[in-house]
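Visitor: I'd like to learn how to read salt bridges in a structure. Could you walk me through it?

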Amino acid sequence: MSGRVGQTWENARKNLFRAFNKEFLIFLFFFIVSAFFWLLMTLNETYEREMQVPVRLVGVPQNVIMTTDLRDTIAVTIRDKGYMLATYETSHPLRPVYLKFDSYANKASGQGSIPISDIQKLVYQQLFGSSRITGVKPDKLDFYFNYGQSKRVPVRIAGQVEPASSYYLANTRFWPDHVIVYANSRTLDSIRSVSTEELRIVNFEDTVIRQVRLKQMQGVKIVPSTVRIGLYPDVLTEESIVVPIVAVNMPPGKLLRTFPSKVKVNFVVGASMFRRIRPEQFQVVADYNDLVSHPSDKCMIYLRTAPHDVSKTRLETNQVDYLIEQQ
């Protein structure tokens with residue numbers, strides 16, 4: 001009994017599976033047919049597609065140095081049927097466009113300009129008759145060159161470079177610290193230095209060594225185009241030094257004595273810089289003309305000069321006793 005039931009169940013399962021496979025194959029057939037017709041209809045529609053076309057400058061003389069290279073690709077927007085556009089991306093890709101240097105180079109100015117209309121003509125030679133170009137980017141191509149004129153100039157830093165609080169930038173180094181620039185004579189005369197690209201290096205306490213790019217200039221070739229930069233921070237410390245008071249604007253026969261004769265100057269300086277600071281780098285003065293115009297029991301004193309390596313300079317006192325003697 002159980003064997004007969006099992007046989008019946010097996011036959012039913014096979015019939016159901018056979019019917020399911022048949023319906024699935026019919027569905028798959030009609031799905032493929034409909035997808036094929038949909039694809040034909042889609043490819044028969046008109047579209048626009050942006051395509052990259054390589055550009056090559058040929059025939060450049062050996063004595064010419066390209067100071068700004070011609071861009072290597074342009075974006076061409078082509079309008080055509082979908083299946084034609086698909087052909088450009090599969091079996092008929094767009095080939096590079098070759099442009100002759102002598103046809104566009106202005107040897108007097110060291111500049112060349114290629115109109116987009118010339119490039120369109122060369123691209124059209126590769127297109128099917130039904131295709132149309134509706135746009136080209138960029139709208140023109142420029143290149144710059146010279147015949148070896150160059151100049152050696154220093155490198156300068158550009159951007160925001162700030163050590164952490166209580167530090168200052170004690171030294172900046174470049175490797176190399178000078179680079180060679182190539183350009184036409186007029187541009188070379190105007191270049192005094194080249195700068196890095198805008199940097200933002202902040203809140204650092206230790207030495208920073210970094211490879212940075214140099215800022216590019218139109219029509220100028222910079223060799224090398226990158227340099228290494230070294231930033232050396234130092235700890236700021238508050239120090240002081242005793243400086244003599246000097247009388248100024250004294251009339252003949254008179255002598256100004258101050259009590260005390262020296263005053264302490266407080267300032268902030270880098271820890272490694274302090275040992276190079278000397279009293280003679282400061283000048284503290286008492287002005288006789290100030291005493292005459294504003295008589296007082298005390299003499300005002302002023303810090304007139306200080307070394308550029310120090311900051312936040314201030315006198316311990318701004319007034320001292322004095323005595324004017326007749327010689």
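Guide: Let's go through some of the charged pairs here, one at a time. Keep in mind that this is a predicted model.

Visitor: What's the general idea?

Guide: Side chains of opposite charge can pair when their charged atoms come close.

Visitor: How many salt bridges does the structure hold?

Guide: There are 7. One of them joins the side chains of Lys137 and Glu50, at 3.3 Å from N to O. Lys137 sits in strand β7 (residues 132-137) and Glu50 in strand β1 (residues 46-58), so this pair ties together parts that are 87 residues apart in sequence.

Visitor: Is Glu50 buried, partly exposed or exposed?

Guide: Partly exposed, because its relative accessibility is 42% and that class runs between the 20% and 50% cut-offs.

Visitor: Which residue does Arg314 meet in a salt bridge?

Guide: Glu238, with 2.6 Å from N to O. Arg314 belongs to strand β22 (residues 311-315) and Glu238 to strand β17 (residues 226-248), so the bridge connects parts 76 residues apart in sequence. Arg314 is partly exposed at 40% relative accessibility, and Glu238 is partly exposed too, at 48%.

Visitor: And where do Lys298 and Asp321 lie?

Guide: Their side chains form a salt bridge at 2.7 Å, N to O. Lys298 is in the loop between α6 (288-293) and β21 (299-305), while Asp321 is in strand β23 (residues 319-326); the pair links distant parts of the chain, 23 residues apart. As for accessibility, Lys298 comes out at 35%, partly exposed, and Asp321 is partly exposed with a relative accessible area of 35%.

Technical notes: Residues are numbered from 1 along each chain as its sequence is written. This is a predicted model: local features need pLDDT of at least 70, side-chain atom pairs count only at pLDDT 80 or more; totals for chains, interfaces and linings use all residues. Side-chain values use heavy atoms; hydrogens and water are left out. A salt bridge is a side-chain nitrogen of Lys or Arg within 4 Å of a carboxyl oxygen of Asp or Glu. Helices (H or I, at least four residues) and strands (E, at least two) are DSSP runs, numbered from the N terminus. Buried means under 20% relative accessible area, exposed over 50%, partly exposed in between (1.4 Å probe, protein chains only).
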